[in-house]
Amino acid sequence: MVHRSVETASREDLREIQTERLRETVRNAYENVPFYRDALDDAGVSPADVEDVDDVRKLPFTTKEDFRDEYPTGLFAVEMDDVVRIHASSGTTGKPKIVGYTQADLDVWTDAVARCLVAAGIGSEDVVQNAYGYGLFTGGLGLHQGIEEIGATVIPTGGGGTQRQVEMLADLQSDAIACTPSYALYLAETAAEMGVDVRELPVRAVLFGAEPCTEPMREEIEERLGVTGIDLYGLSEIVGPGVSIECLEQDGLHVWEDRFYPEVVDPATGDPVEEGEEGELVLTTLSKQAVPVLRYRTGDLTTLNYETCDCGRTAVRMDNVTGRTDDLLIVRGVNLYPSEIESVVLEFDDVAPYYRIDLRREDELDTLELTVELEEGFDGSVADVRERILTRLSNVLSFTPDDLTLVEAGSIARTEVGKVQRVYDHR
Ligand code: DLL
């Protein structure tokens with residue numbers, strides 16, 4: 001089932017919609033945002049040069065630094081009078097990125113989330129517990145408005161208060177829960193401590209997002225909660241959650257291309273990569289009024305697949321995002337992503353899905369210490385598990401951490417609110 005017919009539109013029809021909306025977006029940006037007017041003038045491109053959606057490639061990129069430099073409202077194309085809501089993404093350093101929405105923008109976003117929910121098999125008869133944080137973070141309110149839009153029941157628990165979340169899940173017989181992947185695991189763990197087995201509750205789906213989740217991590221979630229794990233993607237600069245989601249085929253995330261135009265580029269050169277090749281996701285909003293965004297460098301690594309999905313949707317699918325351009329670790333000449341380490345470590349039945357990576361600099365050399373938690377009740381040989389993990393890391397990634405410590409179940413700090421941190425850079 002689809003929420004909107006455009007989800008199964010022919011590629012030609014879709015292109016027409018994209019072309020018309022791109023032209024309007026560029027015009028809006030040029031006429032109303034001095035930053036874009038300067039950037040387009042510098043690139044020698046005028047709105048009239050955008051005749052076709054492929055002309056998006058003529059446009060300059062927008063970066064997260066541009067959002068920071070234009071703090072707070074330099075990228076707004078409308079007066080505050082027309083803005084009905086503000087969200088912000090904090091990040092770890094510098095000023096937050098502020099995004100405003102007109103009522104029409106909120107409607108577009110709500111519709112995008114509604115499409116996501118339907119793609120995830122959620123309908124008006126379902127109860128959805130929304131455990132994403134409410135507030136400036138887009139997760140809580142973003143999911144909330146979409147859940148109401150499809151006529152389902154939303155339980156706005158927000159982040160944290162995990163024991164109460166477990167009680168609600170059981171007492172209100174929720175059909176689905178929306179939360180980060182790390183929180184889904186924490187919820188299952190807390191439930192177990194309370195004597196509740198989430199697998200025996202009616203909850204059938206977790207809409208996880210806001211953080212990377214490798215396949216082995218998804219399997220852990222599906223197994224520990226007895227659910228289907230559906231990956232939901234989005235970012236504040238574009239709209240929040242709802243840019244793309246997996247359908248029940250779980251084979252890539254459908255991007256709502258009539259609203260958000262995706263490209264994948266080589267992160268080093270900015271040139272488009274071949275279809276199916278991995279690169280950095282670049283997004284252009286096609287309907288936003290308050291903060292139109294041209295070719296935003298998301299930093300997220302993915303691929304695009306234009307084949308029609310078995311679910312019938314023609315909307316392009318992006319691969320699950322498990323790495324960002326800026327989380328590449330370079331340790332003594334070896335390049336690796338934290339997700340690659342996660343995938344290897346979680347292959348082992350004896351370890352729990354909790355780990356941390358500590359980077360230090362000793363005598364001018366970078367060192368990486370990996371700490372991994374053992375499964376609850378583990379009573380085997382720690383030395384043996386350690387040796388097997390080291391061998392596997394070396395075989396798969398040609399990498400050996402300077403230190404690998406296996407710790408007891410429950411030793412690694414859990415994240416109850418916000419996004420999980422697994423890499424600690426002390427350099
Ligand atoms: O995390 C929006 C969101 C809320 C998405 C709830 C899904 C669910 P930001 O805080 O601006 O917005 O962070 C955006 O988080 O560029 C990715 O690096 C990462 N991210 C978001 N969703 C996923 C995902 C929200 N499904 C940044 N898989 C993005 C991997 C994700 N990374």
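The model is predicted, so local features need pLDDT of at least 70 and side-chain atom pairs count only at pLDDT 80 or more, while totals for chains, interfaces and linings use all residues. Residues are numbered from 1 along each chain as its sequence is written, and side-chain values use heavy atoms, with hydrogens and water left out.

**The ligand site**

- The ligand is surrounded by 21 residues, of which Asp231, Leu232, Ser236, Asp300 and Lys419 are the closest; a residue belongs here if one of its heavy atoms lies within 4 Å of the ligand.
- By class, this shell holds 9 nonpolar, 6 polar and 6 charged residues; Ala, Val, Leu, Ile, Met, Phe, Trp, Tyr, Cys and Pro count as nonpolar, Asp, Glu, Lys and Arg as charged, and the others, Gly among them, as polar.
- Both α5 (138-149) and β7 (228-235) supply at least two shell residues each, and β7 gives the most, with 5 residues. Helices (H or I, at least four residues) and strands (E, at least two) are DSSP runs, numbered from the N terminus.
- Asp300 places a polar side-chain atom 2.6 Å from an oxygen atom of the ligand.
- A nitrogen atom of the ligand lies 2.7 Å from a polar side-chain atom of Asp231, and a backbone N or O atom of Ala210 lies 3.0 Å from a ligand nitrogen atom.
- Taken alone the ligand exposes 610 Å², and the protein buries 92% of that (Shrake-Rupley method, 1.4 Å probe).

**The nonpolar cores**

- The largest nonpolar core has 73 residues, and those touching the most other members are Leu59, Leu143, Leu207, Tyr233, Ile238, Val243 and Ile245. Such a core is a set of buried Ala, Val, Leu, Ile, Met, Phe, Trp, Tyr and Cys residues joined through side-chain atoms within 4.5 Å.
- Helix α4 (residues 103-119) contributes the largest share of this core, 9 residues.
- Apart from this core lies another, of 50 residues, including Cys179, Ala191, Phe348 and Tyr355.

**Around Glu263**

- Glu263 sits in strand β10 (residues 260-265) and is buried, with a relative accessible area of 6% (buried means under 20%, with a 1.4 Å probe and protein chains only).
- The side chains of Glu263 and Arg295 are joined by a polar contact of 2.8 Å.
- Leaving aside neighbours within four places in sequence, Glu263 is in contact (heavy atoms within 4.5 Å) with Val56, Arg57, Glu280, Leu281, Val282, Arg295 and Leu304.

Terms used. Polar contact = N/O pair within 3.5 Å; in protein donor to acceptor, adjacent residues only side chain to side chain.
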